[in-house]
Amino acid sequence: MKQKIIIALLCVVAGFILILWRSLSYPVIGIHPRTDFILDQIRVFDPDRRNFSKLSLEFRNNKILKIRKDKHEIAGEFSGMTVTPGIVDMHAHLPPHNLLDLIPYFSLLYLSHGVTSVRIAGDIDGTAVPYAKKGIDEGIFFGPKIVSCDAFVTSGIPRWKNSIIVNSPEEAANAVRELKKRGADCVKSYENLSASMIHAIVETANKEGLPVIGHVPFGMTYEESNIPDVQHFFGIPRPKFLEKDSVLNRGSDWAQVNEELLNDIVKFSVKNKIANTPTLVASERLLLFSDYEAARKDPSVALMPRFYREVVWNPEIGIPAYRGIESAFLKDHVQAALLKKKSLLRKLFQAGATLHLGSDAQQPFVVPGASLLQEMNIFREAGIPAYDVWRMATVDANRAIQNEASFSIQEGASPDLLIFREDPTNDMTKTSSLYAVVARGKLYLKKDLDFLVQEFREQQSKPLFEQLSMLLGKLALEKQTKEFKH
């Protein structure tokens with residue numbers, strides 16, 4: 001009798017686990033990209049030269065087999081469409097690999113919006129990048145090419161689990177060597193570091209052939225840090241004018257930033273060859289907190305699982321650093337700072353400084369993929385010509401991550417390409433006409449990617465998934481942001 005009871009209980013437990021697994025697992029991908037196809041009579045945009053070439057590209061086994069300039073009499077599926085290089089998110093993030101298994105969905109969102117490569121600016125617990133790379137490389141799910149800075153090089157109390165804590169320039173240099181051994185593609189210089197530690201990071205990274213991106217630590221100026229690729233325009237407000245040490249204030253307390261300081265930053269950037277990845281979309285999306293109920297219904301925000309909309313980005317219980325932002329602060333600080341940031345962006349462009357487009361996805365209302373297109377629009381609104389925005393988002397970015405082969409149009413290449421029904425190169429609104437994505441020589445129709453997105457959304461809207469994800473999401477938020485209080 002006892003044996004029968006035990007067997008029955010085991011069956012119940014097994015059944016529950018099976019139901020749980022089916023509820024949380026992502027949909028089976030029944031769509032396969034094409035590896036043999038012809039892009040016939042297309043207009044290939046070259047952002048470097050700002051011109052177009054009328055070509056036909058024949059792909060075989062996801063490589064360009066033939067390139068023809070002659071025009072066929074019979075029009076093909078892609079005839080007359082505009083083709084650009086794939087775009088790159090230069091400041092991206094993925095969620096941790098856990099029971100919710102959101103990485104396949106986030107990877108799909110990037111690709112479905114035309115983001116063919118991402119630079120992961122820190123893997124918060126070290127689980128996301130290995131899982132994502134394996135899944136994408138093996139074709140288990142769809143996604144962009146990933147380059148990653150791996151761990152955060154930081155000092156003091158670490159904000160994220162995947163951090164290398166250093167307390168001296170020597171330890172900072174050793175951290176870079178450790179990242180090189182791990183296979184990191186770049187180095188993320190983070191918080192509480194001294195100028196001498198940052199100098200050691202940059203010097204060692206240069207020897208190891210690794211680019212350095214980073215935060216200007218609180219209490220330090222942009223110039224003192226001299227980080228090769230500054231993220232978020234941190235360090236521009238002088239430390240004495242920051243109300244407190246929080247990412248919100250560091251990005252928004254720009255009241256004392258005047259024209260003279262902006263000009264000085266431009267001169268310093270050009271002289272010292274400093275690049276900037278401002279992630280202005282993260283600032284702009286904060287303004288959605290002025291009407292949280294409307295923000296939850298925003299078309300791009302609606303792409304995210306419910307627990308992101310109602311927990312992670314909740315103004316009362318969400319990410320601790322963004323709780324309780326008042327409307328007056330949004331107007332007088334966030335919005336006012338954004339106007340000055342756009343002015344600085346325009347000045348940097350006009351002076352010939354290096355600029356990168358990044359999203360900082362998973363910040364409030366910043367959605368993978370969609371947010372990079374929004375960042376491109378912000379660059380355009382700042383006064384940067386559309387052709388130059390495309391150049392920065394494509395060939396410049398790919399060069400920066402040493403991915404030049406991705407926009408190579410030559411026989412034997414496996415490029416990353418975006419195919420549009422209408423020409424988006426001088427009108428950003430035409431990005432909505434995306435028809436297909438070629439990632440590493442494989443063709444994905446946009447309608448197929450959108451179908452998969454909808455499949456994921458339906459899976460995530462099932463009652464059991466929603467209930468479990470809300471519970472697990474709260475636990476994960478508390479765990480992951482334990483030290484991210486400011």
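Predicted model: local features only at pLDDT ≥ 70, side-chain atom pairs only at ≥ 80, totals over all residues.
In which sense do β2 and strand β3 pair, and over how many bridges? Residues are numbered from 1 along each chain as its sequence is written, and side-chain values use heavy atoms, with hydrogens and water left out.

**View A. The hairpin of β2 and β3.** β2 and strand β3 (residues 63-68) pair in the antiparallel sense over five bridges. Here, strands (E, at least two residues) and helices (H or I, at least four) are DSSP runs numbered from the N terminus, and two strands pair if DSSP finds at least two bridges between them. Look for Phe59, whose bridge partner in β3 is Ile64. Two residues lie between the strands of this hairpin, where Asn61 takes a positive phi near 55 degrees.

**View B. The largest pocket, with about 330 Å³ of space.** A pocket is found on a 1 Å grid over the protein atoms alone, as an open set of points with protein on both sides within 12 Å along at least five of seven lines; lining residues have an atom within 4 Å of a point. Its volume is the space filled by probe spheres set on the points, and grid points are joined across faces, edges and corners. The lining has 19 residues, and the closest to the pocket centre are Ile136, Asp137, Gly139, Arg440 and Lys442. Two or more lining residues come from each of α3 (128-137), β7 (145-148) and β16 (442-445), with α3 giving the largest share, three residues. By type, the lining divides into 11 nonpolar, three polar and five charged residues. For these classes, Ala, Val, Leu, Ile, Met, Phe, Trp, Tyr, Cys and Pro are nonpolar, Asp, Glu, Lys and Arg are charged, and the others, Gly among them, are polar.

**View C. The second largest pocket, with about 250 Å³ of space.** Of its 18 lining residues, Val44, Phe45, Asp46, Phe407 and Ile409 are the closest to the centre. β1 (37-46), β2 (51-60), β4 (82-85) and α14 (386-400) each supply at least two residues of this lining, which divides into 10 nonpolar, four polar and four charged.

**View D. The second largest cavity, with about 70 Å³ of space.** The structure holds three cavities of 30 Å³ or more; a cavity is a set of grid points where a 1.4 Å probe fits but cannot get out.

**View E. Leu372 in helix α13 (residues 370-381).** Leu372 is buried, with a relative accessible area of 0%; buried means under 20%, using a 1.4 Å probe and protein chains only. Leaving aside neighbours within four places in sequence, Leu372 is in contact (heavy atoms within 4.5 Å) with residues including Ile87, Val115 and Leu357.

**View F. Thr277 in strand β13 (residues 275-277).** Thr277 also counts as buried, at 0% relative accessibility. Beyond its neighbours within four places in sequence, the contacts of Thr277 include Met90, His91, Arg119, Asp229, His232 and His356.

Methods
Buried < 20%, exposed > 50% of the residue type's maximum accessible area, 1.4 Å probe, protein only.
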